[in-house]
Amino acid sequence: MKKKSLLITLGSFLFMNAFAQVSPDYSGGIKVKFDEEGKKYLRIISWVQGQASYNLDNESSDPSSPVGLNVRRARVLMFSKINDKFMVLTHFGLNSLNSNSLSPTGKGNGSQLFFHDAWAEYKLHEDHSMGMGLHYFNGISRASNQSTLNMLTLDNNRQSWATLGMTDQFARHVGVFFKGKFGKLQYRLAINDALTNTLETNSVNSLDDLSIGQTAYVGKKLLGSKEAGFAYAGYFEYQLWDQESNFVPFKVGTYLGKKKILNIGAGFFLHPNGSVNRVDSNTFEGQNVSLLAADIFMETPIGENGAALTAYAVLQTNNYGKNYMLGTTYGTGTMIYTHVGYLLPGDMNKGRWQPYISFQNHSYDAHGDNQNRLGIGTNYYISGNNAKLSIEYTNRSGISEGNMLTLQAMIYL
């Protein structure tokens, strides 16, 4: 009976979304021009991702209903230029709206819109700019700067957003950033004011809340802004083949064979005294947080029939402080992540398939076991990245275990 309910739910979901109308000649969203040349304009982009998930282990909070529905993302992004020197960008929306985060009148925390980005930018030179505000010019890796419009996999590797809720608001910092390029070398650098109200301040609000030997990522809260106020981030990549745009910070997951890309990157995130360790009853130490990564991204067309190969791999070392661990998302140790996808031959306007596989391994100094995650799925492109269906099976093993089947539909205009 449960399997029958699953098939009905997923079948209905596919039917409703398979006939969504998206123009095959989509040309970049709504653009309002304020002059004849189009140099002064306002551009608006909107997208929605809906999901249906099935817990194959039947370990949901309601065992009689292992199928869950949620609005994974609902977003609006706008940016405007008054001349070639200045740009303002705002990005707002919500995430993971489901039966548990909905509220009777839409006023609950989980159902509220909030700003993801809000920054102003000034062009210093043809190839170099700076800006300030709530921004997404992150360090560490390409995956830490991933766009949610064109991911190869159903979703981004969660552990790559390695500062989310620790020093930033949903992977965005308030700070000053610099971006640009020197030939084939692109860079982004940022100085950020670290978050005070972190994921850990619910349980650690004073030094006395720390047990002997415990490390908590609450340096700014407990040591003050002078000791742990600022964090520093950067990412550099050398682009050997086609050059990617750095107009906005959001990194493309797949170009669907329209570009030939080979990038080698390296990045960092440094937060002096970001964590606090209790050595004994009377001794507390501030500990530096340092996250370092090296990665490689490749996409290349194959033959003349529209096929393409996309691959990504990252090695990341995480130091959040001595034996630090919070769940399986944050922990001092080493992470390896990779994914590979193959776009099958065909006409993009008639529907295309792109099977893929992903794997992550995360080791922790504080725990003897690793955390592994295997993902196997496929994308079906109704109209390129503007309208697609994705289905993915994921298996978690190690510290936490589980099996999940997720179907996602996305449209952006």
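Predicted model: local features only at pLDDT ≥ 70, side-chain atom pairs only at ≥ 80, totals over all residues.
User: Why are lysine 81 and aspartate 84 called a salt bridge?

Analyst: The side chains of lysine 81 and aspartate 84 meet at 3.8 Å, N to O, and a salt bridge requires a Lys or Arg side-chain nitrogen within 4 Å of a carboxyl oxygen of Asp or Glu, so this pair meets the definition. A search of the whole structure finds 11 salt bridges.

User: Why is lysine 81 called buried?

Analyst: Lysine 81 has a relative accessible area of 11%, and buried means under 20%, so the label applies to lysine 81.

User: What makes aspartate 84 count as partly exposed?

Analyst: The relative accessibility of aspartate 84 is 46%; because buried means under 20% and exposed over 50%, with partly exposed in between, aspartate 84 takes the label partly exposed.

User: How do you know that arginine 172 and aspartate 117 meet in a salt bridge?

Analyst: Their side chains come to 3.1 Å, N to O, and the cut-off is within 4 Å, so the pair of arginine 172 and aspartate 117 qualifies as a salt bridge. This pair links distant parts of the chain, since arginine 172 sits in the loop between β6 (128-135) and β7 (173-182), while aspartate 117 belongs to strand β5 (residues 114-125), 55 residues apart.

User: Why does the pair of lysine 179 and glutamate 121 tie together parts of the chain?

Analyst: Lysine 179 forms a salt bridge with glutamate 121, and their closest N and O atoms are 3.0 Å apart. Lysine 179 lies in strand β7 and glutamate 121 in strand β5, so the pair ties together parts that are 58 residues apart in sequence. Both lysine 179 and glutamate 121 are buried. Elsewhere, a network of salt bridges links Arg142, Glu237, Glu244 and Lys251.

User: How do you know that β18 and β19 pair?

Analyst: Strand β18 (residues 367-381) and strand β19 (residues 387-398) run antiparallel and are joined by 11 bridges, whereas pairing needs at least two, so β18 and β19 count as paired. Within this pairing, glycine 377 has glutamate 392 in β19 as its bridge partner. The two strands form a hairpin with five residues between them, and glycine 384 in the turn has a positive phi of about 60°.

User: What makes β19 and strand β20 a pair?

Analyst: The number of bridges joining β19 to strand β20 (residues 402-412) is 10, and the strands run antiparallel; because at least two bridges are needed, β19 and β20 pair. Lysine 388 has methionine 410 in β20 as its bridge partner, and β19 and β20 form a hairpin with three residues between them.

User: Which residues have the most contacts inside the largest nonpolar core?

Analyst: That core has 41 residues, and those with the most contacts inside it are Trp119, Tyr217, Phe269, Leu291 and Tyr320. Strand β12 (residues 284-302) gives the most to this core, with four residues. Apart from it lies another core, of six residues, including Val204 and Leu222.

Conventions: Residues numbered from 1 in each chain as written. Heavy atoms only, no water. Core = buried A, V, L, I, M, F, W, Y, C linked by side-chain atoms within 4.5 Å. Buried < 20%, exposed > 50% of the residue type's maximum accessible area, 1.4 Å probe, protein only.
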